[in-house]
Amino acid sequence: MTSTIIIVIILAVILFFAVKNSIPHFKGEGGCCGGSGSEKLIKPAKLSNVIATKVVKIQGMRCENCNRRVQNALNSMDSVNAKVSGDRQEAIIKLGRTIDDGEIRRTIENLGYKVVSIEERP
């Protein structure tokens, strides 16, 4: 009887910590994709001349951390101003210079996400 009570208490403690540590993940704040969820956004470049705008459809972004990772990677590129929407599973990219679609695709796919399409917006 005593051993059963001890086992139940141990299981209750484990369950408590499992739920407690899972709450940020369920809110979209956790690091489901390997990050800590506390990564700061890189400021997008201020472009004096936008030569093209592209819409990139992306699969695999599941949380706010995923969105930040993709947006930071794109905004780390020279002459790129990107905003990522996880709800729409897309990135809107304004370009200050010509950038090959393959470079954009590689940047996103190297993070572990899938680029479904890249379309130029008029």
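Visitor: Let's start with helix α3, residues 101-109: which of its residues are buried?

Guide: Buried means under 20% relative accessible area, exposed over 50%, and partly exposed in between (1.4 Å probe, protein chains only). In α3 the buried residues are Gly-102, Ile-104, Thr-107 and Ile-108. A word on the source: this is a predicted model, where local features need pLDDT of at least 70, side-chain atom pairs count only at pLDDT 80 or more, and totals for chains, interfaces and linings use all residues. Residues are numbered from 1 along each chain as its sequence is written, and side-chain values use heavy atoms, with hydrogens and water left out.

Visitor: What do the buried residues of α3 pack against?

Guide: Helices (H or I, at least four residues) and strands (E, at least two) are DSSP runs, numbered from the N terminus. Contact means heavy atoms within 4.5 Å. Here, the buried residues of α3 pack against β1, α2 (64-75), β3 (90-95) and β4 (114-121).

Visitor: Which residue caps the N-terminal end of α3?

Guide: That's Asp-100, with a side-chain oxygen 3.1 Å from the backbone nitrogen of Gly-102.

Visitor: How do I read a salt bridge, and how many salt bridges does the structure hold?

Guide: Side chains of opposite charge can pair when their charged atoms come close. The cut-off is a side-chain nitrogen of Lys or Arg within 4 Å of a carboxyl oxygen of Asp or Glu. This structure holds 5 salt bridges. One of them joins Lys-54 to Asp-101, with the closest N and O atoms 2.3 Å apart. Lys-54 sits in strand β1 and Asp-101 in helix α3, so the pair ties together parts that are 47 residues apart in sequence.

Visitor: Are those two partners buried or exposed?

Guide: Lys-54 is buried, at 8% relative accessible area, while Asp-101 is partly exposed, at 30%.

Visitor: Which residues form a salt bridge with Glu-90?

Guide: Lys-57 meets Glu-90 at 2.8 Å, N to O. That pair links Lys-57 in strand β1 with Glu-90 in strand β3, 33 residues apart. Arg-88 also forms a salt bridge with Glu-90, and there the closest N and O atoms are 3.0 Å apart. Shared partners join Lys-57, Arg-88 and Glu-90 into one network.

Note on methods. Polar contact = N/O pair within 3.5 Å; in protein donor to acceptor, adjacent residues only side chain to side chain.
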